[in-house]
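Open the model in your viewer and keep the selection tool at hand. The tour below goes one stop at a time.

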Amino acid sequence: MSSAKEILKWSLTLGREPQTFLGARWVRWALDRAPASKKRLWAFRLLSLSPHYFLDRDWAENRSIPESEYFEKASAEWLASRETYFNAVLEERLSDARTVLDYGCGPGFLAVILAKRFDRVQALDISSGALECARVLNSADNLEYVLADAEGIASIADASVDAIVSLAVVQHLSREVYEKMLEVCHRKLKSGGRLALHVQLNEGDWKTEDTWKEDRSVKGKLKYNYGLHNFGRPESEHLAMANAAGLVEVKVDPLSPLFPNGFEDIGEQHLLTAVKP
Ligand SMILES: C[S@@+](CC[C@H](N)C(=O)[O-])C[C@H]1O[C@@H](n2cnc3c(N)ncnc32)[C@H](O)[C@@H]1O
């Protein structure tokens, strides 16, 4: 599919805030009206309209594999990937946590794994459509999906969670939004609570936010405006921002020692850990 067609497809799903692919009202409307027996298929179809979720309906169409077979296979792989991440990165670090918040949960493949291990999981996302899909695809009795708007964030009690995790989210956030996320994390963590954010440094192909903004080409501006950027940041910037939010014991470590055989592109990236004093 040409990138112009892709950008048009993605932009039709955008809500008001940056990064709200599937945030447009019609997305929830469509899923609400899908018959119960087709909701799962429709949730996958809707997710395939966003660049965030790596499901490509054209892939199935072009290869004449049945659509639902393709989606189920992709979903099983996604779940396995999040389980691998949990086992290698989070399990030991969060061993004494009981309540966990997944920040930027998307369709909930990590959140549903967290729900098997912890007493209570809250999963926040800025996209109401992604959350509706998560409720269809990845629900559990002890798992609550919450919209990351002012009301949703206020519904999570301050100083109530033992740990906050996030995977594949920080790279999409502008400095302003990342600052807000860190402030929310500080506020929602209990004293002694732990933060574990998957982050990217400005190395290799990872450009900083300023470099993205300097790209005045039409493609560069479109990508920036439609939130298709992936920002890398100097380690010093991650550390300074988390410290400024009031977190302590802030560290940024490479994930590579945890994945000696590699793990997607995530295995080459980093983990920011911190504690709420
Ligand atoms: C690439 S997806 C990752 C989803 C999930 N964490 C995973 O790894 O499967 C990035 C997610 O971040 C969410 N997001 C972006 N900005 C956000 C914000 N300010 N607050 C909460 N979620 C946000 C997007 O809606 C999207 O679902």
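Two strands count as paired if DSSP finds at least two bridges between them. Keep that in mind for the sheet. One caution before starting: this is a predicted model.

**Stop 1: the sheet**

Select the seven strands. They form an open sheet in the order E3-E2-E1-E4-E5-E7-E6. The pairing is mixed. Now look at the edges. Strand E3 (143–147) and strand E6 (248–254) stand there. Each has a single partner strand, so one side of each is left without a neighbour in the sheet. From one strand to the next, the twist averages 15°.

**Stop 2**

Select residues 161–166, strand E4, and residues 189–199, strand E5. How many bridges join E4 to E5? Five, and the two strands run parallel. Zoom in on Val161: opposite stands Leu189 in E5.

**Stop 3: helices on the sheet**

**Stop 4: around the ligand**

Select the ligand and the residues around it. The shell holds 19 residues. The closest are Gln19, Gly104, Gly106, Ile126 and Ala148. Which elements give two or more residues to this shell? Colour helix H6 (109–117) and strand E2 (120–125) to see them. By class, the shell around the ligand divides into 12 nonpolar residues, six polar and one charged.

**Stop 5: two domains**

Zoom out and colour the chain by domain. The domain assignment gives domain 1 as 3–75 and domain 2 as 79–275. Their C-alpha centres lie 22 Å apart.

Now select the residues where the domains touch. In domain 1, 25 residues are in contact with 19 residues of domain 2. Pick out helix H1 (3–11), helix H2 (25–33) and helix H3 (39–47): each supplies at least two residues of the side of domain 1 that touches domain 2. The largest share, five residues, comes from H3.

Last, colour that side of domain 1 by class. There are 13 nonpolar residues, eight polar and four charged.

Technical notes:
Residues are numbered from 1 along each chain as its sequence is written. This is a predicted model: local features need pLDDT of at least 70, side-chain atom pairs count only at pLDDT 80 or more; totals for chains, interfaces and linings use all residues. Domain bounds come from an automatic or database domain assignment. Two residues are in contact if their C-beta atoms, placed from the backbone, lie within 7 Å. Helices (H or I, at least four residues) and strands (E, at least two) are DSSP runs, numbered from the N terminus. Ala, Val, Leu, Ile, Met, Phe, Trp, Tyr, Cys and Pro count as nonpolar, Asp, Glu, Lys and Arg as charged, and the others, Gly among them, as polar. A residue is near a molecule or strand if its C-beta atom, placed from the backbone, lies within 6 Å of it. Axes are lines fitted to C-alpha atoms, for helices over the stretch in contact, and angles run from 0 to 180 degrees between N-to-C directions.
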